[in-house]
Amino acid sequence: MLARFKDLSHEARTLVKGYPDFVMRDKTQLTPGEIPIFVFHTMEYDRFEAQLRLLKESGFRTLTAVEYLDILEGRKQATGKEVVLTIDDARSSVWRYGFPLLKRYESHAVLFVIPGWTPEGPAEPRPTLDDVWADAVTAETLHKLDPHDQTVCSWPELKLMHASGLVDMHSHTYFHRRVFADTKVTGVIAPGCVTTASDADYSPYLRFDMKPAEMAPEAFHGLPLFANRSLQEAMPFIDVPDAVRAQCQAAYREHLAKGDDDRKLLPALQEIVDGAALPLCSQEHVIAVIKEDLARAREMLAEKLGDPTAGTQLCLPFTLGSPATVAMAKEVGSTALYWGVSEKRRVNKPGDDPFTLVRLKNDFIWRLPGPQRRSLPAIYLDKTVRRLRGTNPY
């Protein structure tokens with residue numbers, strides 16, 4: 001509950017300092033050159049369809065990633081009736097719900113994929129809303145395939161969406177990785193830990209030779225947790241060597257075998273960590289890891305999708321980055337970099353730097369000028385209710 005109220009507090013601060021005029025004021029049209037970028041994560045069937053219907057009925061066109069850059073960099077002109085829809089993580093709901101609705105409404109979206117987590121199969125893609133509409137499966141069956149949207153789209157599913165021309169495939173970094181910032185043990189990876197691609201508790205333990213989608217979470221049980229941050233913040237981090245990992249997991253197994261009080265486990269792990277005297281890695285190492293992460297993501301997307309332009313745009317995990325990440329993105333051939341809301345820029349306009357693109361939560365599609373526009377209090381009431389209920393609002 002405390003985390004939800006913190007989220008609401010963040011929303012309030014952002015409302016004052018980060019949102020563009022069309023959100024804050026009742027406007028009959030967007031500011032000339034203004035093209036809002038909206039962000040989604042989990043795709044909700046009814047909600048997403050209502051938003052696509054609103055865009056279509058209000059005369060807005062959804063741009064491809066290339067069309068957007070063409071306008072931003074002055075090769076084409078905006079009409080004041082364009083938006084960009086971006087979807088982070090490539091969760092399974094994009095395939096099951098989002099893609100069929102994009103086809104139905106002839107709309108485009110930019111999908112940011114986490115290639116290091118993307119599974120090879122199964123070869124036969126999962127059913128979608130298309131199958132529900134054709135009475136081949138029930139809506140309940142479709143929901144049960146991944147009720148909490150914890151898996152990501154497979155390569156066969158991504159290839160089919162890419163081939164449609166409606167979904168541009170770009171990078172959300174290779175692993176969406178977090179790294180350890182401290183050596184004080186705060187917890188342990190155990191049954192019930194978070195295992196999703198975007199938030200896995202064991203994210204800091206991933207290495208480039210691993211395929212986490214094919215690994216059982218049990219392989220990480222017993223490893224200690226510390227305070228963490230996004231890799232893309234480019235701050236020195238703690239790398240736990242294999243020998244220390246093995247010691248910690250052995251202590252965890254011994255703890256389970258003895259049936260000891262859980263309160264004894266963390267001090268035991270802390271003793272192992274303190275004995276190893278784990279240092280922060282060098283800044284040079286941080287930069288090298290970021291560069292390899294970004295390069296691998298771009299290369300895998302291009303290879304798997306058979307398109308050299310796939311993966312050339314980058315979305316920052318957790319909307320956190322650094323000048324070093326921007327430099328490495330340019331070095332590996334990225335053409336644009338997407339962040340979140342910013343107090344430095346409320347909206348993107350032609351001539352702006354494509355490596356500092358700001359985005360809005362998809363709630364604010366309802367604030368676009370048009371006959372179906374909702375009031376700001378109504379939107380925030382909906383956001384508050386959804387957060388308090390624990391509903392994923394994005």
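**Exercise 1. Cysteines**

How many disulfides does a search of the whole structure find?

*Solution.* The search of the whole structure finds 0 disulfides. Keep in mind that we are working with a predicted model.

**Exercise 2. Helix 9 and helix 10**

Work out how helix 9 and helix 10 are arranged and which residues join them.

*Solution.* Start with the geometry, then go to the residues.

- Step 1: helix 9 spans residues 242-258 and helix 10 spans residues 265-276; their axes come within 10 Å and cross at roughly 160°.
- Step 2: angles over 145 degrees count as roughly antiparallel, and therefore helix 9 and helix 10 are roughly antiparallel to each other.
- Step 3: the handedness of their crossing is right-handed.
- Step 4: from helix 9 come V244, Q247, C248, A251, Y252 and H255, which meet L265, L269, I272 and A276 of helix 10. Sorted by type, the residues of this contact are 8 nonpolar, 2 polar and no charged.

**Exercise 3. Helix 3 and helix 5**

Are helix 3 and helix 5 roughly parallel or roughly antiparallel?

- Step 1: the axes of helix 3 (residues 45-57) and helix 5 (residues 92-104) come within 10 Å, crossing at roughly 25°.
- Step 2: angles under 35 degrees count as roughly parallel, so helix 3 and helix 5 are roughly parallel to each other.
- Step 3: helix 3 passes helix 5 in a right-handed crossing.
- Step 4: helix 3 supplies Y45, F48, E49 and L52, while helix 5 supplies Y97, G98, L101, L102 and R104. The contact residues divide into 6 nonpolar, 1 polar and 2 charged.

**Exercise 4. Helix 8**

Which elements do the buried residues of helix 8 pack against?

*Solution.* First list the buried residues of helix 8 (residues 155-163): W155, P156, E157, L158, M161 and H162. They pack against helix 5, strand 4 (109-113), strand 5 (167-171) and helix 11 (283-305). Finally, look past the helix: G165 follows helix 8 and has a positive phi, near 80°.

Conventions
Residues numbered from 1 in each chain as written. Predicted model: local features only at pLDDT ≥ 70, side-chain atom pairs only at ≥ 80, totals over all residues. Heavy atoms only, no water. Disulfide = S-S within 2.5 Å. Axes fitted to C-alpha atoms, helices over the stretch in contact; angles between N-to-C directions. Helix = DSSP H or I, 4+ residues; strand = E, 2+ residues; numbered from the N terminus. Parallel < 35°, antiparallel > 145°, perpendicular 65-115°, else oblique. Left-handed = near helix turned anticlockwise from the far one by under 90°. Contact = heavy atoms within 4.5 Å. Nonpolar A, V, L, I, M, F, W, Y, C, P; charged D, E, K, R; others polar. Buried < 20%, exposed > 50% of the residue type's maximum accessible area, 1.4 Å probe, protein only.
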